[in-house]
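This report describes selected local features of one chain. Please consult the sequence and the structure shown here alongside the text.

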Amino acid sequence: MEVKQFSSIFENGVTTYCPGCEHGLLLKFIGMALDELGITEKAIMVGSVGCSTLAYKFLNVDYVQAPHGRAPAVMSAIKLLEKDKVVFAIQGDGDALSIGIAELMHAANRGIPLTIFMYNNMVFGMTGGQMAPTTPEGMKTTTTPFGRDVKQMGPPIDACKVLSAFPQISYLKRVVITPKPIYTKDRVMYSSKEAMDSYKAVLNAFKTQLMGGFSFVEFIGTCNVNWKMTILDSKKYVHDVGVKVYPPGLCRDVYGVDKK
Amino acid sequence: MKRLIMGAKAIAEAAVRSGLEAYFGYPITPSSEIMENISVLYGEGKYPWFKVFLQSASEIESVNMLFGAGAAGYVSMTATSGPGLSLMAEGISYAYASEAPFLIIDVNRGGPGLGNVAPEQSDVSFVLNSLGHGGVKPIVLAPHTVQESMEHVHKGFELAFAYRTPVILLTDALIVHMYDTVEWDPPYVVKPKVDWAARGRNYGQRHIINSIYLDPPELKANKERLLQKQKEIEKIAESECFMCDEEMDVLYIAIGISARISKEAVLRLRNEGVKAGLFRPITLSPLDKDGLLKYSSRAKKIVSVEMNEGQLAQEITRIVRRDVEVLPYLGGYIPDVEEVAETWR
Ligand SMILES: Cc1ncc(C[n+]2csc(CCOP(=O)(O)OP(=O)(O)O)c2C)c(N)n1
Ligand code: SF4
């Protein structure tokens, strides 16, 4: 098979993320989509704080590093001043839904044409696996050693439900980026459906921005290191538990980009 | 032509005429009139360069929008007061570290906490002693009249872009709310080339506006670079010495409205034959250390007149290394000319 070279990705797509983590996959899809749409040159990435902070090392686009949770505010200003450019961010679930939920909601409410990719690994990855607003009930983290107590902490926050409240969002979608393990008689294989779905969502989110709309895609992914699981178990966890808490699906598609 | 104008309106006019491209703000007394006046000028649409006016959802949003605008090389500004400035500290630190220019008008009100909305100068220590985590030294300008406020807005834009740094214009509720005569029409600030800005292959190059340097040698190098820039910024230090002689009985030190009132006290004392003078930092950071040392050495006594507990005196003492008497006004009171003069009599 011919390997496509992505001009938006340095070093032929080799990242320094933990083995088994889909943060790197997401970067590759973003790079591929920028190339496919021919918008690498006019893309500006705003970095959030979390594992995605390292993205600027791998995507060959202009970059502004925002404070934790504030990427949507930084992006809004840039987009309002540079209307012809494509402005996007990768936020973690902690960045977007804990410290930065206000900035995210106000940017979404204004409907400024921006694209936000949220990597939901259900914990704070960068800081060592503490509870996030998205941590499922009962999940053990370094700050919930006996499992998340929803009586005290409330249930996990569902970004797509929260954002559905804002009428000026044009594209809102949740996909699973973790390849599903398929058990055969003598080995484990991985499905490619998740990768295809995720790539399509990235592409359509950018298309929506180009058409003048705000787009948000949530990617359900793993953090095997902080979940303290093997890579295989972490992938299994996403498909056994993750998809039940966060069912994938299209919440909104004003321009009909998903159908095309 | 001389005209009478309110401080807030003058600041708004100066900003827009000087080339303001984006305003982001969150209302807070006593700064809101600046934003309101700017919204009118934006709505009138007479200034083609003025692209964006947006009421943010918080000062956290404001500062990060300024940061985004600065990172993309646009002239941007906000006006706020103490509680808002506290919320902006993190963003100012990021902007300082990654060299994004913008101007913040800090209209001081009574603090700490919610305090009150009367004039104080209680943010002096905050802006001078690291405005944000990690060692942050923005340029700080301190006008004492409405006309000077206009000039400082203009100069604020120039300095922000010349040195790629956040600039704070420190003022107070009194100057911003007073009607004063001005005789100055700000010219348009011609922005230097922003070939460093992150706005999508600007000048054909990739640009990274960043403050993360995970390796200690890299972070050390960046800090050293910022400190070197700080040294260059020392050159812009500016001060006024009002009625300063070769020998003085008393040298007052004050900024903003305290300086304006102290000038009156100096004149009264002069009438009585007292050799009084006033040293007024125009740039509060960098402070004109040479001027301060020169003039303070000529005075028998130094009195710092402040609308706080003595925050400026703390800075002054560090430099002059001798006793500085403080005449503090707390809670929203403004200096009284007679009381100021009384510190010598
Ligand atoms: C103001 C502030 N508070 C806390 C932190 C520490 N911090 C860095 S990343 C992070 C959480 C990241 O989690 P998430 O957004 O889910 O991203 P992930 O690393 O899991 O991809 C925290 C709390 C910070 N950098 N700044
Ligand atoms: S800490 Fe978790 S989220 Fe971060 S790179 Fe490693 S596996 Fe991925």
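The expected span of a helix is 1.5 Å times one less than its number of residues. In this predicted model, helix α9 (residues 256-271) of chain B has 16 residues and should therefore span 22 Å, which agrees with the 24 Å between its end C-alpha atoms. Among the buried residues of α9(B) are G256(B), I257(B), A259(B), K263(B), V266(B) and L269(B).

Strand β5 (residues 102-110) and strand β6 (residues 116-119) of chain B pair in the antiparallel sense over two bridges; R109(B) has P119(B) as its bridge partner in β6(B).

R164(B) lies in the loop between α6 (146-163) and β8 (166-172) of chain B. Which side chain of opposite charge is nearest to R164(B)? That side chain is E99(B), 4.7 Å away; R164(B) is buried yet has no salt bridge, because a salt bridge requires a distance within 4 Å. The residues that R164(B) touches include E99(B), S98(B), L159(B), W196(B) and K229(B).

E99(B) is also touched by L226(B), as are Y96(B) and A97(B). L226(B) lies in helix α8 (residues 216-233) of chain B and is buried, with a relative accessible area of 7%. Although L226(B) and Y96(B) are 130 residues apart along the chain, their C-alpha atoms are separated by 8.7 Å.

How values were computed
Residues are numbered from 1 along each chain as its sequence is written. Chains are lettered from A and ligands numbered from 1 in the order in which they are written. This is a predicted model: local features need pLDDT of at least 70, side-chain atom pairs count only at pLDDT 80 or more; totals for chains, interfaces and linings use all residues. Side-chain values use heavy atoms; hydrogens and water are left out. Helices (H or I, at least four residues) and strands (E, at least two) are DSSP runs, numbered from the N terminus. Buried means under 20% relative accessible area, exposed over 50%, partly exposed in between (1.4 Å probe, protein chains only). Lys and Arg count as positive and Asp and Glu as negative; His and the chain ends are not counted. Contact means heavy atoms within 4.5 Å. Two strands pair if DSSP finds at least two bridges between them. Lists of a residue's contacts leave out its neighbours within four places in sequence.
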